[in-house]
Amino acid sequence: MRIILGQDFLEIFPESKIGVVVAKNVQNSTEDNSKFEQLLNEAHEKAKLHLGESEFSKNKIVASWREAFKKFKTKKGNRSSIEALLKRVDNGRGVGSISPLVDIYNSISLEFGVPCGGEDIDKISGDMKLTLATGNEEFITLGSEKSEPPLENELIYKDEKGAICRCWNWREAVRTMLTNETKNAVFVIENWNGEDLENFELALITLKKRLEDYIGGDVQYEILDSNNTIVEFN
């Protein structure tokens, strides 16, 4: 499988960097999720450091990703995944345990204040590409039974069968989502403006190590940008 940055995406976000982590031969189920609950609890506390005392919409991370979402076609009200997570922390609700892989990437997102998501490699058809939508890609999200295609020129991850994630990192398709049966997974961490790269790279390295420490398997990572637009994982 290849992960590809489309030229249309890079024309909008020329300074962007996409960290890609692939974990193979993993076990995404556990009889005791206490260590993952602890991981999330620790991440919640670290996430509070990102919020500060300013109005939520003026928070640095939230404001930055809202600016990014203005640069491509979106449905009104669609927000980045990191904003959704920080909003839960800000409201005192937090993020509950779902599965080892999801808990791990949510802990990274909360701790480092970056969008981070994961998909089941074995359910992706062909290459996964970050590109602008034509508007006719099939997309069915969790809790829905009908396709809700992206808007034309909406930024999406897609494969040969349709959209994998809409509005860059807003909402994923149920078709490729991580489940208890997932054995091979791909994760992405996103930086759109080339800022805070030290934090971005530390998040990527920590995700790799956390996957190795908590669930084992074969883990590798790459960084995609304008100088490295295609990466292939065997």
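In the predicted model, Ser-57 touches Val-62, Ala-63 and Arg-66 when residues up to four places away in sequence are not counted. Ser-57 is placed in the loop between α2 and α3 and, with a relative accessibility of 27%, counts as partly exposed. Along the chain Ser-57 and Lys-87 are 30 residues apart, and their C-alpha atoms are separated by 9.7 Å.

The packing of two helices was examined next. Two packed helices are described by the angle between their axes and by the distance between those axes. For helix α2, which spans residues 34–51, and helix α4, which spans residues 81–90, the angle is about 100° and the axes are 10 Å apart. The two helices α2 and α4 are therefore roughly perpendicular to each other, since an angle of 65 to 115 degrees is counted in that class. On the α2 side the contact is made by His-44, Ala-47, Lys-48 and Leu-51, which meet Leu-86, Val-89 and Asp-90 of α4. Sorted by class, the residues in this contact of α2 with α4 comprise four that are nonpolar, one that is polar and two that are charged.

Attention then turned to the nonpolar interior. In soluble globular proteins, nonpolar side chains tend to be buried together. The largest nonpolar core of the model holds 41 residues, and the members that touch the most other members are Phe-9, Ile-18, Val-20, Tyr-157 and Trp-168. Helix α3 (residues 60–69) supplies the largest share of this core, namely five residues.

Lys-17 is found in strand β2, which covers residues 17–24, and is classed as buried because its relative accessible area of 19% falls under the 20% limit. Between the side chains of Lys-17 and Asp-225 there is a polar contact of 2.8 Å. With residues up to four places away in sequence left out, Lys-17 touches Ile-189, Glu-190, Asn-191, Leu-197, Phe-200, Ile-223, Leu-224 and Asp-225. The C-alpha atoms of Lys-17 and Leu-5, which are 12 residues apart along the chain, are separated by 9.7 Å. Thr-131, which lies in strand β4, is likewise buried, with a relative accessible area of 7%. The side chain of Thr-131 makes a polar contact with the side chain of Asp-8 at 2.8 Å, and Asp-8 is also listed among the contacts of Thr-131 beyond four places in sequence, together with Glu-154, Leu-155, Ile-156 and Lys-158.

Backbone geometry was examined at two further positions. Most residues other than glycine have a negative phi. Asn-153, in contrast, has a positive phi near 70° although Asn-153 is not a glycine. Asn-153 is situated in the loop between β4 (128–132) and β5 (155–158) and is partly exposed, with a relative accessible area of 39%. Cys-167, also a residue other than glycine, has a positive phi of about 50°. The position of Cys-167 is in the loop between β6 (163–166) and β7 (171–172), where Cys-167 counts as buried at 0% relative accessibility.

The loop between β4 and β5 also contains Leu-142. This leucine, Leu-142, is exposed, with a relative accessible area of 61%, and is so classed because the limit for exposed residues is over 50%. Not counting residues up to four places away in sequence, Leu-142 touches Glu-172, Val-174 and Met-177. Leu-142 and Glu-195 are 53 residues apart in sequence, and the distance between them in space, taken from C-alpha to C-alpha, is 32 Å.

Technical notes: Residues are numbered from 1 along each chain as its sequence is written. This is a predicted model: local features need pLDDT of at least 70, side-chain atom pairs count only at pLDDT 80 or more; totals for chains, interfaces and linings use all residues. Side-chain values use heavy atoms; hydrogens and water are left out. Axes are lines fitted to C-alpha atoms, for helices over the stretch in contact, and angles run from 0 to 180 degrees between N-to-C directions. Helices (H or I, at least four residues) and strands (E, at least two) are DSSP runs, numbered from the N terminus. Angles under 35 degrees count as roughly parallel, over 145 as roughly antiparallel, 65 to 115 as roughly perpendicular and the rest as oblique. Contact means heavy atoms within 4.5 Å. Ala, Val, Leu, Ile, Met, Phe, Trp, Tyr, Cys and Pro count as nonpolar, Asp, Glu, Lys and Arg as charged, and the others, Gly among them, as polar. A nonpolar core is a set of buried Ala, Val, Leu, Ile, Met, Phe, Trp, Tyr and Cys residues joined through side-chain atoms within 4.5 Å. Buried means under 20% relative accessible area, exposed over 50%, partly exposed in between (1.4 Å probe, protein chains only). A polar contact is a pair of N or O atoms within 3.5 Å; within protein, one must be able to donate a hydrogen and the other to accept it, and residues adjacent in sequence count only if both atoms are side-chain atoms.
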